[in-house]
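Here is a short note on the strands and charged pairs, to be read alongside the coordinates. Please check each point against your own view.

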Amino acid sequence: MLDNKEEKKGFWSTLFAPKKNSSCCCGSQTEVVPEEVEKADAPSCCCCSAASGAKVIKVLGTGCSGCKALYATVQEAVAQLGIDATVEKEEDLQQIMAYNVMSLPALVVDGRVVSKGQKLTVEQVKELLR
């Protein structure tokens with residue numbers, strides 16, 4: 001039997017772990033971040049990525065074919081629009097759960113979830129990025 005609850009760190013304990021509220025650096029939004037997730041690994045806020053001028057686009061998924069397809073679609077849409085953006089794949093389940101997303105693949109633009117559980121076309125992605 002486990003005497004120390006800190007030893008128990010599996011999927012379910014992470015899912016139901018106590019969460020804390022943290023606000024964006026400008027105070028415009030509040031996000032729920034698991035306590036295990038360090039501040040540097042937490043989802044970036046809208047104002048920090050906007051200050052640098054480049055969009056931060058994340059495709060959340062576990063590596064399935066739908067997630068890989070959305071990643072390729074997003075890269076194509078960014079190339080067609082010619083915008084300054086960083087496209088990242090996020091496959092870490094703890095980081096995905098920090099966005100409170102249960103349907104994958106999901107698309108996050110500048111820290112805001114704009115689509116979840118859908119396979120988007122290039123035109124749909126372009127519309128979300130505008």
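Which side chain meets that of Glu88 in a salt bridge? The model is predicted.

1. The partner is Lys58. Its side chain and that of Glu88 form a salt bridge, with N to O at 3.9 Å. The cut-off is 4 Å. Glu88 belongs to strand E4 (residues 85–90) and Lys58 to strand E3, so the pair ties together parts that are 30 residues apart in sequence.

2. Look at the exposure of this pair. Lys58 has a relative accessibility of 12% and counts as buried, because the limit for buried is under 20%. Glu88 is partly exposed, at 31% relative accessible area.

3. A search of the whole structure gives 3 salt bridges. One of them joins Lys126 to Glu123, with the closest N and O atoms 3.5 Å apart. Both residues sit in helix H5 (residues 122–129). They are 3 residues apart, about one turn of the helix. Lys126 is buried, with a relative accessible area of 11%. Glu123 is exposed, at 52% relative accessibility.

4. Glu127 and Arg130 also meet through their side chains in a salt bridge, at 3.6 Å from N to O. Are these two residues buried or exposed? Glu127 counts as exposed, with 53% relative accessibility. Arg130 is exposed as well, with a relative accessible area of 63%.

5. Now to strand E5, residues 106–109. Which strands pair with E5? Strand E3 (residues 55–60) does, in the antiparallel sense, over 4 bridges. Leu60 stands opposite Ala106 of E5 in this pairing. Strand E3 is also where Lys58 of the first point lies.

6. Strand E6 (residues 112–116) is joined to E5 by 4 bridges, and the two run antiparallel. Here Ala106 stands opposite Lys116 of E6.

7. E5 and E6 form a hairpin, with 2 residues between them. Asp110 lies in the turn and has a positive phi of about 50 degrees. That torsion deserves a look in the viewer.

8. Which residues of E5 are buried on each face? Ala106 and Val108 are buried on one side. Leu107 and Val109 are buried on the other, and both faces of the strand are covered. In a regular strand, side chains alternate between the two faces of the sheet.

Definitions and conventions
Residues are numbered from 1 along each chain as its sequence is written. This is a predicted model: local features need pLDDT of at least 70, side-chain atom pairs count only at pLDDT 80 or more; totals for chains, interfaces and linings use all residues. Side-chain values use heavy atoms; hydrogens and water are left out. Buried means under 20% relative accessible area, exposed over 50%, partly exposed in between (1.4 Å probe, protein chains only). Two strands pair if DSSP finds at least two bridges between them.
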